[in-house]
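Subject: Structure for you to look at

Hi there,

Here is the structure I promised to pass on. Please open it alongside this message.

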Amino acid sequence: MNRRDFLKFAGVLAFGIAAHQSVNLISQSRARDEKKSTKAWAMAISFSACARREGCRDCIDICHLIHNVPEFDNPKDGLRWIWASPYESVFADQTNPFNRGMLKNLSVLCLCNHCDNPPCVKVCPTKATWKREDGIVMMDYHRCIGCRYCMAACPYGARSFNWRDPRPFIKNINKDYPNRMKGVVEKCNFCEERLSQGLIPACVDICPEKALIFGDLNDPDSEVSKVLRARFSIQRRPYLATGPRVFYIF
Amino acid sequence: MVKIIIGLICLLIILFSPVGYNVITGRTGYIPLLKTPQYQGDCVEGTIYMRKRHMEVLERWRNAYVRDGIKRYVSINGIYNISLTGTCLKCHSNKAEFCDRCHDYGGIKPGCWDCHHIPEIKAEK
């Protein structure tokens, strides 16, 4: 190879490397742009709309049905993704005696708050629970080792532990969604599997009173954004700085 | 001396009895017979690749689905919904005669079925 050929070859090589690098850079920046357009899922629950149907369990039943959450006779074994509790225990910190008197018989719907700053995620030693870009606090049941740190960390009691093999206690198995097994913790996933198909969470979908409002806080025109801008709302124990994404309106 | 030799022979017989058992029952060259699907389509990757690497495919599927929120898998054979029960076992519906038969042969017990469901097999004639 003479000097001329060598220089030509080196030039082509340098150009090739530069082109490769710039293509890489462009494709990376595009991937990053796509990630930015994320959602911020949140829910608003209306006390008054929910209270209109006393004893209604539609949302609880549908959630536990599609996610194969078992039902045990002994409440100590119990598992729950969404549940109802009396106002004075859910909002034990709301000490205003007049409100307490007025709402004495109110039963409040509770679920995972999908916190902005989730304490369960901080304590998980295997990263089996983590916060997604869109705000959903996810569980990877494959990684859960059942240490239950997350249950101790969660101030809302949103997580439950499988003390027993759940499968025999699931009345109607939904084969489209796996159940869990003895030794893992489970909780609400904001119907992540439905959101990815463009559906809203099952509890929101089924509520006959439209007491549950779900949507994207990053979108100012979403129903939940509008409701939360317009109406007075409270969160469960906001002073813990967990930033709950489930809001309660009257 | 004789005692030692008898002892050694007994030891050898015990050691090789499994091989002898297979020779007698004619199973030395035994390969599990797999019931592959009636060609509803191609597997997610090539057969040879799947034979060697299906556990890696499943691990990738699992991580993509659960951790990265990717619900579809694209390969040269097509686009597949990521689901163990809904995709793999839709084609390989006879798990007992496919997955299990091969895993029993290899002495492997994947612990997926405590949580993941096995579809009922449609009655075949």
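Below are some notes on what was found in it.

First, the ground rules: this is a predicted model, in which local features need pLDDT of at least 70 and side-chain atom pairs count only at pLDDT 80 or more, while totals for chains, interfaces and linings use all residues. Residues are numbered from 1 along each chain as its sequence is written, chains are lettered from A and ligands numbered from 1 in the order in which they are written, and side-chain values use heavy atoms, with hydrogens and water left out.

**The interface**

Let me start where the two chains meet. On the chain B side, 14 residues are in contact with 21 residues of chain A (contact means heavy atoms within 4.5 Å). The size of an interface is often given as the accessible area lost when the parts come together. Here chain B and chain A bury about 1500 Å² between them, with 50% of it on carbon and sulfur atoms (buried area is the accessible area, with a 1.4 Å probe, that two parts lose on being put together, summed over both). Within chain B, the residues that lose the most area to chain A are Val66(B), Arg67(B) and His117(B), together 44% of what that side buries.

The rule also finds twelve residue pairs in polar contact across the interface of chain B and chain A, both residues being at pLDDT 80 or more. (A polar contact is a pair of N or O atoms within 3.5 Å; within protein, one must be able to donate a hydrogen and the other to accept it, and residues adjacent in sequence count only if both atoms are side-chain atoms.) Helix H2 of chain B, residues 47–67, gives the most to the side of chain B that touches chain A, with four residues (helices, H or I of at least four residues, and strands, E of at least two, are DSSP runs numbered from the N terminus). By class, that side of chain B has six nonpolar, three polar and five charged residues (Ala, Val, Leu, Ile, Met, Phe, Trp, Tyr, Cys and Pro count as nonpolar, Asp, Glu, Lys and Arg as charged, and the others, Gly among them, as polar).

**Salt bridges**

How many salt bridges are there between chain B and chain A? The count is two (a salt bridge is a side-chain nitrogen of Lys or Arg within 4 Å of a carboxyl oxygen of Asp or Glu). Arg67(B) pairs with Asp140(A), with the closest N and O atoms 2.9 Å apart. Lys71(B) and Glu192(A) also meet in a salt bridge, at 2.2 Å from N to O. Lys71(B) lies in the loop between H2 and strand S1 (72–75) of chain B and Glu192(A) in helix H8 (residues 192–195) of chain A, so this pair joins two chains. Lys71(B) counts as buried at 14% relative accessibility, and Glu192(A) is buried too, at 4% (buried means under 20% relative accessible area, exposed over 50%, and partly exposed in between, with a 1.4 Å probe and protein chains only).

Over all chains, the search finds 16 salt bridges. One of them links Lys171(A) to Glu71(A), with the closest N and O atoms 3.2 Å apart. Both residues sit in loops of chain A, and the pair ties together parts that are 100 residues apart in sequence. Lys171(A) is exposed, at 67% relative accessible area.

Phe47(A), in helix H2 (residues 47–51) of chain A, counts as buried at 5% relative accessibility. Leaving aside neighbours within four places in sequence, its contacts include Phe91(A), Leu106(A), Val108(A) and Ile234(A). Phe47(A) and Val108(A) are 61 residues apart in sequence, yet 6.9 Å apart in space, C-alpha to C-alpha.

Asn189(A) lies in the loop between S7 and H8 of chain A and is buried, at 6% relative accessible area. Its side chain makes a polar contact with the side chain of Glu193(A), at 3.1 Å.

**Cysteines**

Finally, the structure holds zero disulfides over all chains (a disulfide is a pair of cysteine sulfur atoms within 2.5 Å). The sulfur of Cys63(A) is 6.1 Å from the closest cysteine sulfur, that of Cys191(A), which is too far for a bond. Cys63(A) is buried, at 9% relative accessible area.

Best wishes
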